[in-house]
Amino acid sequence: MGAQPIADNLFTDENMTALVGARNKQTGHIFFPLPLTPNDDIEPIALATRGTVWTYTVQRFPPKTPYAGPADPMNFKPYVVAYVSLPGQTMVESRLTGVEPEDVKIGMEVELTAIPLDPDAPADEQVMIHAFQPV
């Protein structure tokens, strides 16, 4: 089966190269994620793959259930959660990867990637989430 996105309509393609956002046809307002229920006023669009860190925090303890991560909470590793500003479009809440928490800076340029929700899961059971990494 291989790695699968955590949700349908999250990425534009099977290679997870861009996120699917939504544009209101009436107002032009762009947002993320694409709504689960169809709406004639909303059209899907591919979001920019590069942006900048608008703000961030560090998640230093496992979130409450139904958090999906390491089965043993002692294996939890802190991670950075950021709002990434996609120029001319919207902001996306996302994990940051490939950077230590102390090295994250507001305004840092980042690009989209996909990472496993649980890196310890078997390869054929990987669930992928969107994340951003430094350029």
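What follows is a short talk about pockets, strand pairing and the nonpolar core.

Guide: This is a predicted model, where local features need pLDDT of at least 70, side-chain atom pairs count only at pLDDT 80 or more, and totals for chains, interfaces and linings use all residues. Residues are numbered from 1 along each chain as its sequence is written, and side-chain values use heavy atoms, with hydrogens and water left out.

Visitor: What makes a space a pocket, and what volume has the largest pocket?
Guide: On a 1 Å grid over the protein atoms alone, a pocket is an open set of points with protein on both sides within 12 Å along at least five of seven lines, and lining residues have an atom within 4 Å of a point. The largest pocket has about 460 Å³, a volume being the space filled by probe spheres (1.4 Å probe) set on the points, which are joined across faces, edges and corners. Its lining numbers 21 residues, and the closest to the centre are Lys77, Pro78, Tyr79, Arg95 and Pro119.

Visitor: How is the lining of the second largest pocket divided by class?
Guide: There are seven nonpolar, two polar and two charged residues. Nonpolar means Ala, Val, Leu, Ile, Met, Phe, Trp, Tyr, Cys or Pro, charged means Asp, Glu, Lys or Arg, and the others, Gly among them, are polar. The lining includes Glu93 and Arg95, so by that rule these two count as charged. Strand E7 gives the most to this lining, with three residues.

Visitor: Why are E8 and E9 called paired?
Guide: Strands (E, at least two residues) are DSSP runs numbered from the N terminus, and two of them pair if DSSP finds at least two bridges between them. E8 and E9 have seven bridges, in the antiparallel sense, so they pass. In E9, Met128 is the bridge partner of Pro116.

Visitor: What makes a group of residues a nonpolar core?
Guide: Its members are buried (under 20% relative accessible area, 1.4 Å probe, protein chains only) Ala, Val, Leu, Ile, Met, Phe, Trp, Tyr or Cys residues, joined through side-chain atoms within 4.5 Å. The largest one has 23 residues, and Leu19, Leu47, Leu96 and Phe132 have the most contacts inside it. E6 supplies its largest share, three residues.

Visitor: Which residues does Leu96 touch?
Guide: Contact means heavy atoms within 4.5 Å. Leaving out residues up to four places away in sequence, Leu96 touches Val53, Val80, Ala82, Val84, Val104, Val110 and Phe132.

Key. Helices (H or I, at least four residues) and strands (E, at least two) are DSSP runs, numbered from the N terminus. Buried means under 20% relative accessible area, exposed over 50%, partly exposed in between (1.4 Å probe, protein chains only).
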